[in-house]
Each structure stands twice: as structure tokens, then as C-alpha cells.
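I opened the notebook to record what I looked up in this structure. The entries follow in the order I made them.

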Amino acid sequence: MLYKLIRSLALVATVLMAFLLTTTGQAGGAVELAEDKSCGLTWQPQPDSHPTVSGPIIYIEVLVDCIVPPARHDLTLQLQRRDTDGSWVTQTAQTSKEFPSPRLTVRTAAECRAGVFRGLVHVEGSLQSSDFTFTDFSQLAAISAQDCK
């Protein structure tokens, strides 16, 4: 019986160790780093991970962390608002060609107004002789006129 218990505990410990060695991201809106990736992206501010109102502006921000700096890193961050027809309209955008070495923060902001907002990030680059493309969306934020005051 003791042998089976020790063997079960060893199996659980092995699975847990394998998980910890292959992921290093944060919970809540983070892109986890795995063995085949050198960079991760986190929507800011945490833990909300959606567009945020600060006085008369609404903004979205991303943090990029890289273990190995990419050879090329073209990032575009957009703040989008849902239109009455359901389409997404870009309110503002910020482009960065900076290398995350090891970190890069990009922020874009617009005049605050009522509506449903989201962030969109698109990254194209090259890492270890391989090209990559990455696109992600933040969580949605429903902003009222009262929020903008």
C-alpha cells in the first residue's frame, strides 16, 4: 500500500514539474512562453486586460517580454470601438519597431466616449531565422458617458 502511495506521489510530482518547466506565463490575459517561443505578450493593466478609462482618455497597453530578442519586431496596437452596425472601427493606433530587449511597453489612447472598446495587437517579426505573425484581442470594455467624466 505504501509503495502505491509513493508511486502515485512521484507521478504527480513528475507531471507538475513538466508543466512548470514548459510554461512561464502569467494568468489572466498573458500569452505563455513555451519551449518554442522566446516572447510573451500581456495586456495591461492587469488583472483586467481591457481598455481602461483615465479621466478624459481611454487607453490600452501591452507588455512584451522576450528571453531572446527577435531579429525583427513590428508591433501595431489598436484601440477599437464597436460601431452601430457591429463592425470594429479603429479609434487610434500605435506602431513600434523597437526590439523587446528584454521588455517593451506600447500604449495607445484616444478621447473617451461611450461605447464598447477592445484592443487589437498585431505583430510580425523574425526570430532565430523564422518569420512569425501574431494577432490577439483584449477583453471588451463597455464605457458609459459617465465613465468619461
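Which residues of the largest nonpolar core touch the most other members? I looked this up in what is a predicted model. The core has 21 residues, and Leu75 and Leu77 touch the most other members.

Entry on the core. I listed the elements that give two or more residues to this core: strand 1 (39-44), strand 3 (57-66), strand 4, strand 6 (103-111), strand 7 (115-127) and strand 9 (141-143). Strand 3 gives the most, with five residues.

Entry on Leu75. I left aside its neighbours within four places in sequence and noted what Leu75 is in contact with. The list includes Leu41, Val62, Val64, Val106, Val121 and Val123. Gln94, Thr95, Ser96 and His122 are also on the list of contacts of Leu75.

Entry on salt bridges. I wanted to know how many salt bridges the structure holds. The count is three.

I took the pair of Arg103 and Asp65 to begin with. Their closest N and O atoms are 2.6 Å apart. Arg103 is in strand 6 and Asp65 in strand 3, and the pair links distant parts of the chain, 38 residues apart. Is Arg103 buried or exposed? I found a relative accessibility of 58% for Arg103, and the cut-off for exposed is over 50%, so Arg103 counts as exposed.

Next I turned to Asp74, which is found in strand 4 (residues 72-82). Asp74 forms a salt bridge with Arg72, with the closest N and O atoms 3.0 Å apart. I also found a polar contact of 3.0 Å that joins the side chains of Asp74 and Arg72. Arg72 has 32% relative accessibility and therefore counts as partly exposed.

Asp74 also meets Lys97, side chain to side chain, in a salt bridge of 3.6 Å, N to O. Lys97 lies in the loop between strand 5 (88-96) and strand 6, while Asp74 is in strand 4, so this pair ties together parts that are 23 residues apart in sequence. I noted Lys97 as exposed, with a relative accessible area of 59%.

Which residues are linked in a network of salt bridges? I wrote down Arg72, Asp74 and Lys97.

Last entry, on what Asp74 touches. Not counting residues up to four places away in sequence, Asp74 touches Ser96, Lys97, His122, Val123 and Glu124. I went back to the Leu75 list and found Ser96, His122 and Val123 there as well.

Terms used. Residues numbered from 1 in each chain as written. Predicted model: local features only at pLDDT ≥ 70, side-chain atom pairs only at ≥ 80, totals over all residues. Heavy atoms only, no water. Helix = DSSP H or I, 4+ residues; strand = E, 2+ residues; numbered from the N terminus. Polar contact = N/O pair within 3.5 Å; in protein donor to acceptor, adjacent residues only side chain to side chain. Contact = heavy atoms within 4.5 Å. Core = buried A, V, L, I, M, F, W, Y, C linked by side-chain atoms within 4.5 Å. Buried < 20%, exposed > 50% of the residue type's maximum accessible area, 1.4 Å probe, protein only. Salt bridge = Lys/Arg side-chain N within 4 Å of Asp/Glu carboxyl O.
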